[in-house]
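The notes follow in the order I took them.

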Protein chains: 2
Amino acid sequence: MPFPRLLRVGTFLLAASATSPLTFPWSRSNENSKSSLAVAPKLREQGDWNHNWDFDAAIPTSPPTQYRRLKLVILVRHGQYDTKAAAPEQKVLTELGWKQAIATGKRLRELGYHIDCIVHSDMIRARQTTAGILSELDQVHLSETGILEVATRPPTLTDHEVVTQCSPLVSKSCPLLESSLMAEGPPPVEPEPSPPSRTKRLESLCPAELSDRINTQNRIGSSFHHHIHRRPVSITGERAFRGGPTGGRPFEVVVFVGHANVFRYWICRALQIPPEAWLRISLPHGSITELLVDITPPSECTVTALRIGDDGHIPVELQSR
Amino acid sequence: MPFPRLLRVGTFLLAASATSPLTFPWSRSNENSKSSLAVAPKLREQGDWNHNWDFDAAIPTSPPTQYRRLKLVILVRHGQYDTKAAAPEQKVLTELGWKQAIATGKRLRELGYHIDCIVHSDMIRARQTTAGILSELDQVHLSETGILEVATRPPTLTDHEVVTQCSPLVSKSCPLLESSLMAEGPPPVEPEPSPPSRTKRLESLCPAELSDRINTQNRIGSSFHHHIHRRPVSITGERAFRGGPTGGRPFEVVVFVGHANVFRYWICRALQIPPEAWLRISLPHGSITELLVDITPPSECTVTALRIGDDGHIPVELQSR
């Protein structure tokens, strides 16, 4: 019965104009029909795009090119891990988690990106996921990783000694690429809607715990500004300004390996949607999110999500959240 | 040089509190540290969740269960098609587009969903994509499709006669499931940011073209309210209220096969983010977007995106946008 439903909903549409700025040509003259496309001022304010979104007007200029210059930001969530372990360093990937990490590495290899930089959180599950990914990537295609020793083949999945050893931790020669800012924690805005269990847990915190929590929130707020911006990977933006590996579309690729809550907040901020919406997005283990960042100075600087929480490369029997 | 960058950005953070409601424990006493988690009123307004988001307070009640009742809404974008064809009915899937549709059907089969309903746009590329999907789905797992005759094997990809014939069009016995509301067109809000080419094209429209355009925008606004809501597929919500096929988590599954602009607008509306953001999301051909809709009356009714624009199931050489 679509018609009665439409009629009924139609009544609400008129009442709900804040989210449904429908216009009606028959109630307007031809003279002002073009202006009827304009949406209400309040909406424009809410949804307006700030091209200088990272507050970074000093990005390097470059010789003109026929292409826009782009930075592809890839967010990979770590694999499944042992949530019940007591100590932080014991919260290692499960066997399933390792398989997910390796499947994601395989996909990144197949996609054929020239990866300019990998940045991973300093938590063990993110470091191990990075190792799993690197075991599948051809080193030739990596400009810079900060990781000197990685397994050349997938680790033996039943041997926990082996899988722990091939953590990126074995090399910290380029510490900037291991980011403690990216460690998991609560984003600096409460989710809306907030699950009752979350609200209850918050109310039970003592002042010291609450202070710690606020520090973590501040740190995660900083992580966005520190890692997600229009600056090219290199100071002069060599790759983005020179052209891609095939001489075509000039872009740089940065892979971040980290955590669901941090990445959900980053996605909202990068897309300039209300950050309270972060919990409305779910990211599966080993999933790939791609944000295409236009870094062409100084004009239109857009950010487009090419995919969010894509784990279609992981066989169904290995999927988890 | 992360530190100078952090410092510099930190200054802007304070100025940009509308999107960065960071709080500072050292500037607050213990007494009010809990309330420091509250975000600014303006932000709460922007990001507030409306549990009665489809304005439908009359959804059916049911006996209590240990599970929340869920509806999984799957949005599949059609495959690549011949954009240069003159007449609408000639804008058929390319061979690549057929391969994408079949890959998506295969993935939906592998995911093992019990699909309760498939709704497809009435444009040829969406009808053909639906046929491609159905050629891979086991009929046993389909409650209702509205499509009586489909190819039992993938169509011969080089034979245009064959691929046109296996369009769902051959059966219209259940016309509600072929939706003309879902046909492609401009969403009822202009995208923000708006590409200059789009603005220029809009300005060149004559009043008659503009009036047509506004009618289309109205139609696409209606399509959201008509198709995306908390009502279960069946009048009494049999599956959602009885429990899933395995007797576990009770949910219903509806698959929509349609178009990028319509779906991008739907995603924004379903997630209650500003609809002007629709062009910030890109959906690849054959991609799968999953929205998990809580239909438990009458309490918390959330919508969560499980994945957006996921085409990881499509081999890299067959991907396109």
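I count a contact when heavy atoms lie within 4.5 Å. The model is predicted. On that cut-off I looked at sequence separation in chain A: among contacts with a separation of 6 or more, 75% join residues 24 or more positions apart.

Next I took the overall content of chain A. I found nine helices and six strands. Of the 321 residues in chain A, 58% are buried.

I then turned to one helix pair. Helix α7 of chain A covers residues 207-227, and helix α9 of chain A covers residues 260-270. Their axes are 10 Å apart and the packing angle is about 55°. An angle of that size is neither in the parallel or antiparallel range nor in the perpendicular one, so α7(A) is oblique to α9(A). I noted the crossing of α7(A) and α9(A) as right-handed.

Which residues of α7(A) and α9(A) meet? From α7(A) I listed I220(A), G221(A), S223(A), F224(A), H225(A) and H227(A). Their counterparts in α9(A) are V262(A), Y265(A), W266(A), R269(A) and A270(A). By type, this contact holds six nonpolar residues, four polar and one charged.

Last, I checked the nonpolar cores. The largest has 68 residues, and F256(A), W266(A), F256(B) and W266(B) have the most contacts inside it.

Notes. Residues numbered from 1 in each chain as written. Chains lettered and ligands numbered in written order. Predicted model: local features only at pLDDT ≥ 70, side-chain atom pairs only at ≥ 80, totals over all residues. Heavy atoms only, no water. Axes fitted to C-alpha atoms, helices over the stretch in contact; angles between N-to-C directions. Helix = DSSP H or I, 4+ residues; strand = E, 2+ residues; numbered from the N terminus. Parallel < 35°, antiparallel > 145°, perpendicular 65-115°, else oblique. Left-handed = near helix turned anticlockwise from the far one by under 90°. Nonpolar A, V, L, I, M, F, W, Y, C, P; charged D, E, K, R; others polar. Core = buried A, V, L, I, M, F, W, Y, C linked by side-chain atoms within 4.5 Å. Buried < 20%, exposed > 50% of the residue type's maximum accessible area, 1.4 Å probe, protein only.
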